[in-house]
Amino acid sequence: MEGVVRDTLTGSGHGRRAAWAVFDAAWYRKTYGIAEDGQGALEYYLTEGFKLGHSPNIYFCEEWYAAANPVVQQALTEGRIRSGFEHYCTSGRHERAGHWLFDPGYYREKNPDLTDEALERLGFANLYDHYLEVGSRENRIAHALFSTTLYRENFIDRSGFRIGEDECPFLHYLTQIENDNTEIPTSTYFDNDWYILQYPEVESEILNKKFSCALHHYLANSTPTEFNPLEYFREKFYLERYPELDKDVGLGKWFRSGYLHFIRFGQFEFRNPTPYINLQYYWTRRSNVMVDAQLANIQEPFAHLLTIGVLKGLPFAPMGNPVDVPERQSRALFLAHADNMMPQRARHPLDFRFEGDPQISVIMIIHNHLPMTLAALTTLRATYHGRIQVILVDSGSTDEARFIDRHVQGGLHLRFETNIGFVNACNSGLLHVRAPYLLFLNNDIQLTPGALDAAVSRLESEDDIGAVGAKVIRTNEKLQEAGCIVWRDGRTTGYMRDWSPLCPEANFVRDVDFCSGVFLLTKTDVVRRIGGFDVRFAPAYFEDADLCLEIWNAGYRVVYDPSVAVYHYEYGSSRESGAAFAMMHRNQKTFYTKHFQQLKRHFKDLPDIVSMARFAGKSRPRVLFIEDFVPLRGLGAGAVRSNDLIRVMDEIGYQVTVYPMHGTTATPAEIYADFPERVEVMHDVTHYNIGKFLSDRRDYFDCVWICRAHNLNLLKTALEQANFDPKKTTTVLDTEAIFSIREAVQAKRAGRHLDLKEAMSREFEHAHLCQEIVTVSATEAAVLHRFGFPHARVVGTYRPVKLTERSWQEREGILFVGSLYGDDTPNYDSLCWFIDQVMPLIEAELGWETRLNIVGHCAPGVPIDRFTSHSRVTWHGPVVELEKVYDMNRLLIAPTRFAAGTPYKVYEAASYGIPTVITNLLANQLGWKSGQHVIAVPVDDAEEFARQVVRVYRSPELWNSLREEAAALLRRDYGKETYVRALSHVLPATAARGEENPVRRPHGFPGTNQIVPASPPSLS
């Protein structure tokens, strides 16, 4: 061990020695039990100690350094170096950590002042040298799991002694864990007590001196991804949930565990630490979380959850903690529940008696298992109160199920002495069906409330629907299927099996190849024309897939509806799953042979095809609709217009997938109440997932509709990597509002100069990636034309007229509608100006009649005290039923002083028949006439604004005139026909528009071949 190591440890290699470069003889002898003898401790280390894996001092960990760096271990094995410390001295010190509790990358990130130039100027050998000499004493953080400040505080609490200001907390901690079995917590992010309880073997390893403490074990063990650091993080889940981290996590990679990635980056990207914690929901949904974060100065979401959220019991996810138990246990509970209901069923038989003709016939096959069958029938009776003909076909039961008619009144009980199988039993029941609708229902299920009503409504909604299937959930709260796919080779797949029932892909209506016979509602006459189940599939399996394909062949559709949900004890009627799989294999061959010609048109079973294969029947052009957040109508700020766009696209024949770039904090209830049932809303993703999403759905979308230019800029890399074929996929930029215009107006008001050309160039930097650009008004289209985008089109606003009923005399109050996303936004500015400058003038005229009602979403952290505490203001917050609010108030105000786009609230107010007083800024954006459609007032003219509000408020003649003229304008220019016509120039064609085989039109103006420039235009 001569050369560089000796020079380093004796100080002959350079002037000043770093702390990690000093040989500590006393520590060395004590640590390794080296007795005093003629040979000095340093000489022993240089000649013998390094061979035994010894470290030269407390600051360098030889064993860990070699294990954590595979390249070092390999060099040791090949004899190119003699110790890890030698490697560290020669090259490792510049980029690698010398100790398990020091992370040079983290230290540099947290201390940007420590550049290489600064370290050289100050005379430090590397970052570790700086930390040991200066940083630790200054309470700088050098590892995600070691806070010097927290360690100082916890040491006082545990020992009663204070660490001196001149002492190095890092050295103090290392000495503490070597000399004392008591481990002092060093980080919010690691729970040493929980860790020892969770992994009791660690305690024995500490006692045997293999590790010095729980934290040492966590950071230095040889299988880092096998251990969880605390109760609220699951390593395995994190790595499985985010597989793209595989290249960065593991021994010798950037992060030795997923947890260290999560602390540094994942929590700020709102990645989830466990299946039951939705970090984005926790951090952004609740305003009190944000307030607490500001007061406690905790800016790290997970740290806040651990220190405040857990203590206060704040919810971690919209739906609470999901059940996550082994399926064997959940199946046992399912059976136990059925057994526990038996006394009730014995004393109170189920009543299915009815008079007249039945509305639905239900065929249920039973073979033993009376408690399970009665549990299924109980949910059937509880969820549908109409006239049900229950046909119970007993296929050779040998237990008390033979006497089921003792427990079921009004049912038809067909009994066979032997097990005739599912197919033959169903066909025998079909002979007795009397209702127009026939439900095939397993006896090992439980229906959810409203399931059968939803299925009947779906079946009746369109004449060409022949069958409706359910979202089938297994007993362990995981999907069995959300509709099923038939592949080209005749094999089948339950779509989204093992996923959560709340996943977006399982929660929209679509036509499918087939739905399983667990729950299959059909039209009786269609099934009879087909001949029931094909006996070639007896006794069971593939008979339901065959029946559904025959329904398709008969000219009817099979529809999956997630509102129809059932719980299923899988293989409950056939306890031997091995026998079931054998029958499946045999019948697949029969199925393939029968439908060979039809299956040639099905997809081949490939992973990247599933998104297309999940649909059956006539294809609808597919639109990917990208927005900031899931555009709920209550959010305002353009979200209502986006919601309208999605609704109209769906209505005229497009299959829409909504993708929120910044995720959503809305609950599933809020989301699904606000969107058409055929729309797929990806509520569990953000822009961090967009690259993988586009890759997984390669060649899937016919149109990518990108709302707002800043999202296009954020998507640039993902779009380039997706490399859409412009002949197959149209990329549309929907400007929604040109924010450069808003910035220009805002700057002018503040007396600042803003270069509009530069701002436009920055906002539309990547517009060349899009074949189409649309805007909300002719005014903004003209701006785009002037700045180099002559192909920009207008797709304005759709707003149907639905006048509220109350007359002028029956209304009172002034209404403001708008979301408040910040104190520098147009809505917030206009509201403050109106309350401060205009309302006192109105109150001088109207007196006690002055009442301002404020309705709209308010983002966390936006100050609203000046509104909520005002004696003439009522703060309502977000309101779902806006029609009632408009019906109560006499007029709407929009005192906007800077903005872009067009004000949706003005369209909305006009559609409900409430006149509006606005600024001329908004009137110009709208192109509406003051005095005819609205009353417009110059910006900042408080006296005139107050005068016009009072004028409209007191004049029924003017009020009615404005109401009628605005409604007439909406009917003429903002109706469905006009809106669809505008969209038709942008979206790919559909068969609904008279094109059975859609042909894409050239991009550009109608009748022209003008194409978007290949590079960003120069602005003039």
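This is a predicted model: local features need pLDDT of at least 70, side-chain atom pairs count only at pLDDT 80 or more; totals for chains, interfaces and linings use all residues.

I counted salt bridges first, taking one to be a side-chain nitrogen of Lys or Arg within 4 Å of a carboxyl oxygen of Asp or Glu. The count comes to 60 salt bridges. Residues are numbered from 1 along each chain as its sequence is written, and side-chain values use heavy atoms, with hydrogens and water left out.

Next I looked up Arg 80, which pairs with Glu 78; their closest N and O atoms are 2.8 Å apart. For accessibility I use relative accessible area: buried is under 20%, exposed is over 50%, and partly exposed is in between (1.4 Å probe, protein chains only). Arg 80 is exposed at 54%, and Glu 78 is partly exposed at 48%.

Then I checked Glu 138, which forms a salt bridge with Arg 140 at 2.9 Å between the closest N and O atoms. Glu 138 is partly exposed at 45%, but Arg 140 is buried at 18%.

My last pair was Glu 570 and Arg 497, with closest N and O atoms 2.9 Å apart. Glu 570 sits in the loop between strand E14 (557-568) and helix H27 (577-594), and Arg 497 in the loop between strands E11 (492-494) and E12 (510-511), so this pair ties together parts 73 residues apart in sequence. I noted that helices (H or I, at least four residues) and strands (E, at least two) are DSSP runs, numbered from the N terminus. Glu 570 is buried at 9%, whereas Arg 497 is partly exposed at 36%. Shared partners join Glu 327, Arg 474, Arg 497, Asp 498 and Glu 570 into one salt-bridge network.
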